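Q: I have a structure to go through with you. Could we take it piece by piece?
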Amino acid sequence: MVRSKAAPKKPKRGVDFKKIKRKIGRKLPPPKNATNTQIKSKAIVLPEQSVASERVGLAVSKKGLTLRELLQQTSHHNAKIRKAALTGIKDLVLKHPSELKLHKLAIIEKLRERICDNDKVVGETLYQLLKTVIFPSSKEDITGAVISLLMAYIFNAMTHMAIDIRLMAFKFFELVVLSYPFSFMLYAEKVLDYYIDILRNNQIYLQEKNKLKNTLGGLVQCLSLLASKNEKEDRLHEENQNIVEKKRLHTFELEIYKDDAGISSIDKKLLDLVPILINCFQESTTLIRAMPIIDAQSFDCMLCTLQCINLAVKIVVHKIKKPFVSTGPFPPSLSDGPDMMRSSMFVYLKKLWEIFPVVQMHQSAEKEDDRYFTLNVGITEIFLHLSEWINDGTLATEKFLEFIENFLLGQVISSAGTHLLPKKVHVEKHLGSVLPFIPGLISQVTGSWKTSLLEGFTGAFKNCKVDSKLILAYLSALEEMLLPMENQSLLSFTFSYPDLLSYQIAWIQELPKILLQLGDKHPSVSKVVLKLILKIGQSSLPDSPLSLEYDYLQWPLREFYSTRRFSVIAGTIQYGPFTKLPNDCQEVALCCLYYFSNLSSDFLKSLTYCCLCDDLEPLILLRIIEVLHSSYKAGHVQISDQIGFLVTLVARFRVFPEIFISEGICMENEGKVSNQKTFKSVTGAVFTCLSQMGDNSLILKLLCKNIFNEISQKPPLDNIHGLLRMINVLDTRPTKLPEEDISSLSSYLSSYMVDAASYIPENVDVAVHSDGISIYQYYFQPCIFLFYRSDRLLYYILKFLDSLIIEDNMLLSSSSDVKSASEPLRRVHAVTFILIFMHNDGRLHRSLSSSEATVKCILQNICKLLGSSKFSMTLEERHRIQSLFDHLKTRVCKLHCWDVGDLEKV
Amino acid sequence: MEVVIASSPVDSGIGCWDLRSGAEQLRYRSCASPPHGLLAVARCFLASSQVRDSRAAASAPIFFWSWDKPQVEVRSFPAEPIGPLVSNSDGTYIIGGGLSGTIYLWEIASGKLLNKWHAHYRSVTCLTLSDDESLLISGSEDGCVRVWSLLMMFDDMGKMSARNLYRYSFSEHALRVTDLVSGYGLCNSIVISSSEDRTCKIWSLSEGKLLRSIMFPSIVDAIAMDRGEHAFYTGGRDGKIYIAALNAESNPNGIYGMFIIGSLYDHSKAITCLALSTDGGMLVSGSEDGTIRVWDTKSQHVTRILKHAKGPVNNVLIIRQPLRACPPALANAQASLSRKRLSLSLPPPLSKYIDSTDGEIETKAVNLLLPPWQDPEKSKYCSSNVIKKQIKELQQQSSSGAAEMESERLRLECKRSIQMAQQWKKLYQELQNLCVNELLNGVQMDDR
């Protein structure tokens, strides 16, 4: 348009340009060099429509539908599309988990409408969707509020006209409860109502076994939740088991369990539920009796029913018993609530009682028997809850007790008479649930049944394999029956039934066997057994038959610690499981020792071997010494045994010295860490024990005999060192040792001193304080104490040293071996050293001066020896010895106020 | 004056020192006590159970000493050897734990055995009372710690209906319980028990459960608790005194392990007993080597070493000794009364068996109604028998106590009579005035 206006104006301006006439409506021809921008194609293909193109970043399902669309489609009138929408949602959520998080509420709000869906397939799909995707992926996000959204619809569905929808609703409810157990308590009452309602409807269980099974499964779930809640509350009251490592001493409990007032109404509901379930069961049995074989479905149904009854009874019984526990010292309030509940419960259960042994009429296969057996066990369990009132006379107990007895004995009654149970594993599973009730039952029943039940139980216990899970159940039942005082519920146990004792003894005798069989493979079970033994020991009154029996446990328990086998290789020691068990087990095992009223020396022997085991931890070793000492103090160990134990421990303890000794020895105990420190702490513990044992001089007398015995067997130096110190701990100045002991001690001591002298490096100057010297000082220290206390001993030793040198002379003159030529040199060296050490110690000066003459004699002998040219030595050696000797001389002379020249002259 | 008293299982008497100055006081003769067997009953006199002469001996006596005489004054012979002793702060009753696990309860005033019950399977090793003296806590050789309500022990109805006599039974200790200490806070306090299994366990009396278990590097034989429940001291067999945290901050990586804050050490042998002074500033420890060390808890150093005997010390107590030498100038009626009570002879010996001769055993506690001039805090509980006896005495006017009460009554009566007389006097005066006035008025009237 603009252009067309401009055109007519231009000619008026001038004539320089040629007038161009143009017709309006014509266009300028395109320039020749223009590019053709026209696009031609046969068809236009758009990947998306306009709206679609805007959601590039959005999450879509496989079919390209967004969540919004899918949710809309869930309420489509066509069932297929609804189903497709649900599967779509599943896809989408699986692909984009974030989508679920964001729109959780919207999704649930839409999906819940489908709970009442008429179409079966849709319902099933929804169930799968919730079960596999939505619930697992948003465990934490879904709170009570969201659950309540779902619940409204579920409850609605539960009252729906169509049976299918109703059953489906129960399925949904079960799912919710499984995923979110906390939600159950809020709705428990209401749901139980619905369950009662649907179970009343007789038609269902006759026709649709499968669905009924689902429903009952849900009910089992709910009831077990209720039951576990009760247990949890109980546990809260007695939470002593888990030892607290809390930082603060006084803290408020974080978990505060709300006291639910509505729970009593739940009990009423449960009471209503029980007769209906029983009715249900009863009808099933009549049905089965008519049938030739029992089919899997109806069997499952019946089992579920029984489980429901069991749980309901368990909860109610718990409630009935509870007031007794909580009110403590005051008499229970005589409200008739629990009593009423009890009596009505009995009325209902009587029906079940009449059915009790569910027995097949016709001859049947083994599998069938198994099934009947399972059902019977189910019923048994129910009645065991009521065992406390079994003597009321309301029920005929014979067949019941007979069944349990046979059950314990591993037999089953069938139409063909009694025979052994077919599958062991199968029985064990059921036995586990029955065992906890046995002690209560035994305490209740009267007459011969008591004996037969005890017999059955004992038999079953003895047959139980140690590695089975049942062993723990047996042990806890045992504990209840062995320690009736602890569990006050069975107070009348021991007093009412004298025969029990023989069974108790049989059980106690069984315990060490179990312990040995367990070995070190099941430390947790071992610990339980040991704890039980400890408890028996703690609670047995002195001189009662049980404590006698406890004392007898020592014999079998020896093997638990260690035994000495006299096999081909004489006296190898077989270590029991004790050394390999973890620390806490060992600790408990040790504590058991304290309660033996008389520890036999045989048992102590085995314990000693155990102590000398290299693998034993130092801490445990110290604990053994401590416990035995306490036991001794309480008068459970003979004094001679105790001393023997301590001496043997010090004498035989294998010490792996530190590196300082010599290369050769070090190679021997390669890989072993030095345990000198352990030995030190052990000897320290032994010394404190010795000093607390009683009259010192008496103990010393006993001790010496043992010590000389051990020393005569030439143990390593470290051990002799320990033994000598033991004497020092008890002795005083002047010594309390008798003359003959001193003379024998002197002979041992002299050889010890010479042996120890071998640690003195040859080329060491006395004045310098070096490693070698300090080691010798360590070994020499106890000798100094002994000399200090007994001049006589010192005299003997000096005599010996003197003879040593002279003896050398004699030896030397007879043989002129090159090897032995250096030997006397060493001896002279050693004697010089020992004397220097003696003189170094201020405490010995007085004693030394009393045996002046002997010292003089020795010096002269050495002098003579050195002066003689009888044995060859290099100049260097001679010089060294001479300087040592001079050192000694000045020392001695200073002490005795001799003139050095005097000595030379002689 | 706070004094330290100490005894030993070998016969070396009871040593007594002034805590502040360390000066040795009177030494009470012939005492060989078992652990926890020494007791100062209501600060009035000393009591100690005795060790058996030999293992075969069937019984061992309980001795009483008065403060100012070194000789044993009263000897009682219970049915079996008694280990630990405990009494309430008023000195109304004394409780002892027997070798067989039986607990005995005597009334001091009459010496009657009011009650005994079988408490443990094995011998009772230590006893303590809760802060308000309503609960008795006993530890035993079998590792069990039990809490008893004293009220319950006299409540026959309650005993019948309850499942068990004890309130709580803690069986977590594996070996012999060596010491027990209860905290502050009436009957809801904490209790600390030590055992030969090398642990100390802290229990809550209100909840009846274990609060904490502390593992020590050695066996603990003695515990002393800080007044503020901040920490507690434990004496180990290795000669160290460990300080363990209660409410104090503790370092889980400490050298001795969790909850042990530190240790005191002075080259002594095993520590057997501990006591804290009332202000918490001084800790006294008795040791196996026969010495008693006094520690300053702030600086954690030994301030004094007291030598007791050659044998081991196994009991130390810190007691505020009553003022004996009271200057006569200060002696008012009150002081003379209390002194008289002190100088009165000690209570009769404890009886061996429950006395059933007077027919029905009446062990009802009676709160003695005190005359108003006495301090109400000093109210004493006595069994009805004692009260009956006192009443009888009062009637016969024979005993000194009765005479005292009688004179007191007379004094009061006299006072009241004087008051009465004065009142009468006043009335007469008024009456006379009135009459005189009336008369005068009458005269005036007549005059008119």
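A: The hairpin of β24(B) and β25(B) has three residues between the strands, and B:Gly290 in the turn has a positive phi of about 85°. Strands (E, at least two residues) and helices (H or I, at least four) are DSSP runs, numbered from the N terminus.

Q: What should I know about the model and its numbering?
A: The model is predicted, so local features need pLDDT of at least 70 and side-chain atom pairs count only at pLDDT 80 or more, while totals for chains, interfaces and linings use all residues. Residues are numbered from 1 along each chain as its sequence is written, chains are lettered from A and ligands numbered from 1 in the order in which they are written, and side-chain values use heavy atoms, with hydrogens and water left out.

Q: In what sense do β24(B) and β25(B) pair, and over how many bridges?
A: Strand β24 (residues 282-287) of chain B pairs with β25(B) in the antiparallel sense, over five bridges. Two strands pair if DSSP finds at least two bridges between them. Within this pair, B:Ser285 is opposite B:Arg293 of β25(B).

Q: And which residue of β26(B) does B:Arg293 stand opposite?
A: That residue is B:Ile305. Strand β26 (residues 301-307) of chain B is antiparallel to β25(B), with six bridges. Four residues lie between β25(B) and β26(B) in their hairpin, where B:Gln300 takes a positive phi near 60°.

Q: How many residues of β25(B) are buried?
A: Five of the six residues in β25(B) (residues 291-296) are buried. Buried means under 20% relative accessible area, exposed over 50%, and partly exposed in between (1.4 Å probe, protein chains only). For chain B, 50% of its 448 residues count as buried.

Q: Changing topic: how many residues of chain A and chain B are in contact?
A: Chain A has 43 residues in contact with 44 of chain B, where contact means heavy atoms within 4.5 Å.

Q: Which side chains meet in a salt bridge there?
A: The side chains are those of A:Glu626 and B:Arg198, at 2.8 Å, N to O. A salt bridge is a side-chain nitrogen of Lys or Arg within 4 Å of a carboxyl oxygen of Asp or Glu. The count between chain A and chain B is one.

Q: Which elements of chain A give two or more residues to that side?
A: They are α24 (523-539), α27 (583-594) and α29 (618-633) of chain A. Of the side that touches chain B, α29(A) gives the most, with eight residues.
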